[in-house]
Amino acid sequence: MIRQQHRLLKSVPRVAAPNLKTKSYSSTRASSASPPHNSLQTFLAHARSTNLPPTSTVYIGTCYEYLCLATLRRLSFTLTRSGGRSDRGIDLLGHWTIPSLPFPLRVLVQCKALKAKTSPETVRELEGIFAGAPIGWRGENVIGVLCAKREATKGVREAVRRSAVPVIWIMIEDLGQGRGNVRQILWNQRVKQLGAEGVGVGARYLPEAEGQKVKQEVVLTWNGEFWNPDDEPSKTDEPLPL
């Protein structure tokens, strides 16, 4: 069972609400032209029509970006895909809404579809995307989110902890057929300082599929209670031990 480093989350100072009168993040794409796809289903249709090989890095990376976008909705993230040639390393862009704050936190997301274990360098790469963030996602009160298919190594954990910017690490595995499973959530002291008071993690069992083994998923908690606003009730729930 995966533990989450949220024992730092005690009372925290409030931060000033950001100016949310900026353009909608859906209008911050580098190009005003309509993208050829806006979901996993439309991307797969686009890939078939353009004969994009399923083994290509573009195919694998884009599928994982849409998988992360859909899965993160269950953690109260509202995102849009910004991946492309001019994305400056930002795959997803949007907000994270948590009960402890009256306004959403702005987030920049990178999705790593690597089969191999990730290294601390991936955290440094995440830190680098802040400089190229669009207007409205610049400044101190912005969180960098790193999604990966593998569990964070000891080196990655330490890099997250030491980062000078707010960082959240989320392991999302691909269950197939567009289904993602959250296996690990970590964040650092900087996230705490933005007001993530009372937010923790717990474990629940995913609904059983015929012929498949029951899996556990990590979900968010609020003041010790399960908080999963956009998902169906779980079969069996239990908080993770601290």
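Arg81 counts as buried, at 11% relative accessibility; buried means under 20% relative accessible area, exposed over 50%, and partly exposed in between, with a 1.4 Å probe and protein chains only. This is a predicted model, so local features need pLDDT of at least 70, side-chain atom pairs count only at pLDDT 80 or more, and totals for chains, interfaces and linings use all residues. Residues are numbered from 1 along each chain as its sequence is written, and side-chain values use heavy atoms, with hydrogens and water left out.

Arg81 and Glu65 meet through their side chains in a salt bridge (2.6 Å, N to O). The term requires a side-chain nitrogen of Lys or Arg within 4 Å of a carboxyl oxygen of Asp or Glu. The pair links distant parts of the chain: Glu65 is in helix 2 (residues 57-72) and Arg81 in strand 1, 16 residues apart. Helices (H or I, at least four residues) and strands (E, at least two) are DSSP runs, numbered from the N terminus. Glu65 is buried too, at 8% relative accessibility.

By this rule there are 9 salt bridges. In another one, the closest N and O atoms of Glu217 and Arg74 are 2.4 Å apart. Glu217 sits in strand 8 (residues 216-222), and Arg74 in the loop between helix 2 and strand 1, 143 residues away. Glu217 is buried at 2%. Arg74 is buried at 18%.

A further salt bridge joins Arg124 and Glu121 (3.1 Å, N to O). Both lie in helix 3 (residues 121-128), 3 residues apart, about one turn of the helix. Arg124 is partly exposed at 47%, and Glu121 is partly exposed at 38%. Shared partners join Arg74, Arg204 and Glu217 into one salt-bridge network.

Two strands pair if DSSP finds at least two bridges between them. Strand 3 (residues 105-112) and strand 4 (residues 142-148) run parallel, joined by 7 bridges. Gln110 has Leu146 in strand 4 as its bridge partner.

Glu173 lies in strand 5 (residues 167-176). Glu173 is buried at 15%. Its side chain makes a polar contact with that of Asn181 (2.6 Å); such a contact is a pair of N or O atoms within 3.5 Å, and within protein one must be able to donate a hydrogen and the other to accept it, while residues adjacent in sequence count only if both atoms are side-chain atoms.
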